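Look over the sequence and the fold before reading on.

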Amino acid sequence: MERQELEAKMIELVAIAFKKDAADITMETSFKNDLGGASVQMVALVSEIENELDAVIMLADASQCATVGELTDLVEEEL
């Protein structure tokens, strides 16, 4: 999967998990500051990543990511 495709998919998954408009999410979007990063939503996001992208991401690792871009980097390493 190309990086651009992965970024678009990650934005889509983040939008679904956090119930936000995908148009408002970028690679610089902060989980804590911009999305109000509740742990329940991060659990849902990690589950969606595993289902949609077939990448195994540890919740603890995902929770350490400050931005959508950092999480995308993590996912990219697992693909």
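Helix α2 buries Met42, Leu45, Val46, Ile49 and Leu53. Seen down the axis of α2, these residues fall within an arc of 100°, so they line one face of the helix. The model is predicted.

**Helix α2**
- On the other side of α2, Val40 and Asn51 are exposed.
- An α-helix has 3.6 residues a turn, so residues three or four places apart point the same way.
- The 15 residues of α2 reach 21 Å from first C-alpha to last, close to the 21 Å expected at 1.5 Å a residue.
- Just after α2, Asp54 has a positive phi of about 55°.

**Packing around α2**
- The buried residues of α2 pack against α1, α3 and α4.
- Leu45 touches Leu13, Val14, Ala17, Phe18, Phe31 and Leu71, leaving aside residues up to four places away in sequence.

**Helix α4**
- Helix α4 spans residues 68-78, and its buried residues are Val68, Gly69, Leu71, Thr72, Leu74 and Val75.
- Their cover includes α1 (3-18), α2 (39-53) and α3 (59-64).

**Nonpolar core**
- The largest nonpolar core holds 25 residues. Val14, Phe31, Leu45, Ile49, Leu71 and Val75 have the most contacts inside it.
- At least two residues of this core come from each of α1, α2 and α4.
- The most come from α1, which gives 8 residues.
- In soluble globular proteins, nonpolar side chains tend to be buried together.

Conventions: Residues numbered from 1 in each chain as written. Predicted model: local features only at pLDDT ≥ 70, side-chain atom pairs only at ≥ 80, totals over all residues. Heavy atoms only, no water. Buried < 20%, exposed > 50% of the residue type's maximum accessible area, 1.4 Å probe, protein only. Helix = DSSP H or I, 4+ residues; strand = E, 2+ residues; numbered from the N terminus. Contact = heavy atoms within 4.5 Å. Core = buried A, V, L, I, M, F, W, Y, C linked by side-chain atoms within 4.5 Å. Expected span 1.5 Å × (residues − 1). Arc of directions from axis to C-beta.
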